[in-house]
Amino acid sequence: MLEISQHEKEKEEGRVASEISAAHSARDSDTDTVQDAHLVRKIDLRLLPILTLLYLLSFLDRSDLKLSAPAYNTSLALYFVAYVIFEVPSNVFIFSLPRFMKLILKRFDPRLWLPTLTLVWGIVTVCQGLVTNQAGLFGIRFLLGATEAGLFPGVIYLFSVYYLRRERRARVAIFFGGAALAGAFGGILAFAIGKMEGIGGRRGWQWIFILEGLLTILISLSAYFIVPSWSYKAKFLTEPEKERLLFRLDSDTDPAHKERFQWAHVKQAFTDHLVWSYALLFHGYAFALYSLSLFMPTIITELGFQSWQAQLLTVPPNTLAALSISLTVWLSIRYDRRAVFIIIAAAVAIIGYIVLLTASKPGAQYVGVHLAAAGIYTGNALLLSWPGENVAGQTKRAVAVAMQITFGDIGAIAGVLIYRPNLAGHEYRKPHIIAIGYLLFSIMVASHLRFWLARENRRRDALLSSKTTTSPESIHERQRLGDHHILYRYVY
């Protein structure tokens, strides 16, 4: 009887495991029809080109100011200080408004908010080319950071209400790839427009901001007609397509439902150690990202190249970074793994910095710049979509995404202040060593996330298999529990 009982128990456990697997397979098959593929392509064509272009413009508008070194570092720091101050308020205000502000929400949805941000920072960028004194420029740089602060977290959140969790990784990578492309195009544009030195009594760098700002304003006006609203009222979709989209989102996570704002959901984000881990991960990477992207022409000039050559020599490393993002994200999706590729990317970047520190020939050091750029941009492309996939609950996710960028940009402030003249000796030896330290910190955080998330997934699988707990299925319960729901599985 004992043997029979044991056999029946094992049989029952196998049946439960099969049911769980079948449920997951059914869910995936329900959201992977030919019609779904057509729907996703339609969404891609509407969202990705315009939003990636807006982000590319935001990176272009941060171009080299051609100031004396201390003033340049200060102007960059002020930009990121504003970014840090306005990041979370922007996302919470626009994407999680309380009930008494619902009338404002109807006016400030993504269709209006994101183009308006772009229009305002385009105007501010033009003003950068018109200022005549250092104090005015510092004020303008602060305003630029304030106006650009809402774009990135706003777009990441917008992706979460149009795409399934597994679909967001590639879209965020394409979107972030705009930063690498901006680095490539920015070098060419800076070189070309810089030839306008003296025209109209203005410096070449002033013309860079005036023309790039005018381009930003022009594109922002067209964005009002292209950027979509929330998924449940997307006008570019037919009613059947909209219903199908909401069904897909409902079967995947929470975005299909309108979630009432509660401060408790904001508290959930601030008290979740995983949210802080995503923020600290970007903090380490952001130091390297912004110091390298903003000081790349200076770093290359220190290798012995002329200033005009350095502008053009920024194009190949940024192009390689864009290609690296594409390949690595494809591998990440194929093997459904995130942390290991973030760790590998940081290791590649560290190798690049080591080459910069140890190589004696400019050509070899320039290879180090390529490796650093490829690793840093690739790691950032992967980590910036992580909270968007792993944090459930609309308000909590909106705050988590903004927190990641906010605390990441504190790392950016450190980066732009450390790459200063009195630490530029030996081709920025000390700043490069500090950058390696920040990347090692990111490796530690990514490793922590990988092991904790994998262990938590196994724990929930064991609870379901043992049938010692029941899983609440109501929409209210799913919203209340969010990513703590027993059926929720983390991406690691």
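Me: Before we look at this predicted model, what makes a set of residues a nonpolar core?

Reply: A nonpolar core is a set of buried Ala, Val, Leu, Ile, Met, Phe, Trp, Tyr and Cys residues joined through side-chain atoms within 4.5 Å. The largest one here has 136 residues. Leu51, Tyr162, Phe176, Tyr290 and Tyr353 touch the most other members.

Me: Which helix gives the most to this core?

Reply: That is helix 12, residues 273-302, with 17 residues.

Me: What is Tyr353 in contact with, leaving aside its neighbours within four places in sequence?

Reply: Its partners include Ala288, Ser291 and Leu292, and also Tyr419, His432 and Leu439. Contact here means heavy atoms within 4.5 Å.

Me: Why is Ala77 called buried?

Reply: Let's set the value against the cut-off. Buried means under 20% relative accessible area. Ala77 has 9%, so it counts as buried. You can find Ala77 in helix 3, residues 69-95.

Me: Which residues is Ala77 in contact with, beyond its neighbours within four places in sequence?

Reply: They are Ile413, Val416 and Leu417. Have a look at Phe142 too: Ala77 and Phe142 are 65 residues apart along the chain, and their C-alpha atoms are separated by 8.7 Å.

Me: What makes Glu427 partly exposed, while Tyr428 is called buried?

Reply: Good pair to compare! Glu427 has a relative accessibility of 30%, so it counts as partly exposed. Tyr428 has 6%, which is under 20%, and therefore Tyr428 is buried.

Me: How many helices and strands does the whole chain have?

Reply: There are 20 helices and 0 strands. Of the 492 residues, 57% count as buried.

Me: What share of the contacts with a separation of 6 or more joins residues 24 or more positions apart?

Reply: The share is 81%.

Terms used
Residues numbered from 1 in each chain as written. Predicted model: local features only at pLDDT ≥ 70, side-chain atom pairs only at ≥ 80, totals over all residues. Heavy atoms only, no water. Buried < 20%, exposed > 50% of the residue type's maximum accessible area, 1.4 Å probe, protein only. Helix = DSSP H or I, 4+ residues; strand = E, 2+ residues; numbered from the N terminus.
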